[in-house]
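Subject: Structure handover

Hello,

Here is the structure I said I would pass on. My notes on it follow below.

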Amino acid sequence: MKIPKSHPRYTSLMLREKLVKGWREGIVVPEGLIAHGRGEAFDYVLGETTSAPALVAERAAAAFLLRARRPVISVNGNVAALAARQVVRFAKTVSAGIEVNLFHRTDTRMRRIVRTLRAAGATHVLGLHPNARIPRLESRRALSSREGIFGADVVVVPLEDGDRTEALVRMGKTVISVDLNPLSRTSQRATIPVVDELTRALPNMERFARDLRSDPDEIGRLMKSYRKSENMKALFAFLDWRLRGLREGPKVVRGTPRRPRRIRSPGD
Ligand code: PTJ
């Protein structure tokens, strides 16, 4: 469907179109469409912008990735459909490997997603020939590559389920999640949870990585100073502020109605 650029919900509708196209092409599973709807609901509450605490997490994530010995970005169906080019650019910037890892794993989907990433510019994509299993994980997500996720020290897991995040943390890895739901087990368990929309988070992290590349002192400082608990507290304070703004409506100051900062309300 052609969506006019002037549509107030253009960005959101385009993401949906990408996912539906991905589903038609056999890249996205129907469950992926449901997962996206859940993400959208949280994004409404967040105001469909990157919050200040998310920026802090994204900058810390960039620092950890730049310092990693073997960083890897994990890609599933939704991620490939929404952000294949962004993943490839980001991976190049932080010298990370890319591995396809699917919850609903089939050989055909694996091949299609690898093809999508190659078409987006990736030269080497892992995942088709797993040679290891993530311990204590029953699902097919356990299948992994020694030269990729299994042997990595830092792993980026966008739109992940909590089980694998937990299992990767148990293996001693630094796990960077990207998940709009701050209550998900993934966000709760990850070492650095990035609570932001994927297609905003990836270019933000890439920009931070480019800026930080030439500043090893700042990388070290960020790695030392990042505190997950403080960052999540700040995120929940931001959510609280958003909800209070929605509950109280526009403020009136000295008899003059003050134009409120634009806060999107449900149904906008
Ligand atoms: O391609 P597969 O087979 O590996 O399956 C992928 C899905 C996404 C279906 C699978 O990983 C899954 O079921 O994920 P969950 O457990 O539903 O978790 C997805 C999380 O991502 C949810 O907490 C959503 O809020 C969040 N989410 C959805 N869309 C976005 C998002 N977070 C950031 N950006 C998004 N665009």
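Six strands make up an open sheet, ordered S3-S2-S1-S6-S7-S8, with parallel pairing. Strand S3 (125–126) and strand S8 (192–194) are at the edges with a single partner strand each, so one side of each has no neighbour in the sheet. Two strands count as paired if DSSP finds at least two bridges between them. Strands (E, at least two residues) and helices (H or I, at least four residues) are DSSP runs, numbered from the N terminus.

Before the rest, some ground rules. This is a predicted model, in which local features need pLDDT of at least 70 and side-chain atom pairs count only at pLDDT 80 or more, while totals for chains, interfaces and linings use all residues. Residues are numbered from 1 along each chain as its sequence is written, and side-chain values use heavy atoms, with hydrogens and water left out.

The sheet, strand by strand

S1 and S6 are parallel and pair over three bridges, with Val72 standing opposite Val155 in S6. S6 is joined to S7 by five bridges, again in parallel; here Val154 has Thr174 in S7 as its bridge partner. Strand S7 (residues 174–178) pairs with S8 in the parallel sense over three bridges, and the partner of Val178 in S8 is Val194.

Five of the five residues of S6 are buried, so this strand is largely enclosed by the rest of the structure. Buried means under 20% relative accessible area, exposed over 50%, and partly exposed in between (1.4 Å probe, protein chains only). Val154, Val156 and Pro158 cover one side of S6, and Val155 and Val157 the other; all are buried.

Helix H3 (residues 52–67) lies across strand S1 (71–75), strand S6 (154–158), S7 and S8, at about 130° to S8. Axes are lines fitted to C-alpha atoms, for helices over the stretch in contact (heavy atoms within 4.5 Å), and angles run from 0 to 180 degrees between N-to-C directions.

The cores

A nonpolar core is a set of buried Ala, Val, Leu, Ile, Met, Phe, Trp, Tyr and Cys residues joined through side-chain atoms within 4.5 Å. The largest has 52 residues, of which Val75, Ile98, Val100, Ile113, Leu117 and Ile176 touch the most other members. Helix H4 (residues 77–93) gives the most to this core, ten residues. A second, separate core has twelve residues, including Val72, Ile134, Ala142 and Val155.

Gly148 is found in the loop between strand S5 (143–144) and S6. Is Gly148 buried or exposed? Its relative accessibility is 0%, so Gly148 counts as buried. Leaving out residues up to four places away in sequence, Gly148 touches Val72, Glu99 and Leu126. Gly148 and Val100 are 48 residues apart in sequence and 9.7 Å apart in space, C-alpha to C-alpha.

The ligand

Polar contacts here are pairs of N or O atoms within 3.5 Å. A polar side-chain atom of Glu197 is 2.6 Å from a nitrogen atom of the ligand. Ligand oxygen atoms lie 2.8 Å from a backbone N or O atom of Phe103 and 3.5 Å from a polar backbone atom of Gly39.

Regards

Note on methods
Polar contact = N/O pair within 3.5 Å; in protein donor to acceptor, adjacent residues only side chain to side chain.
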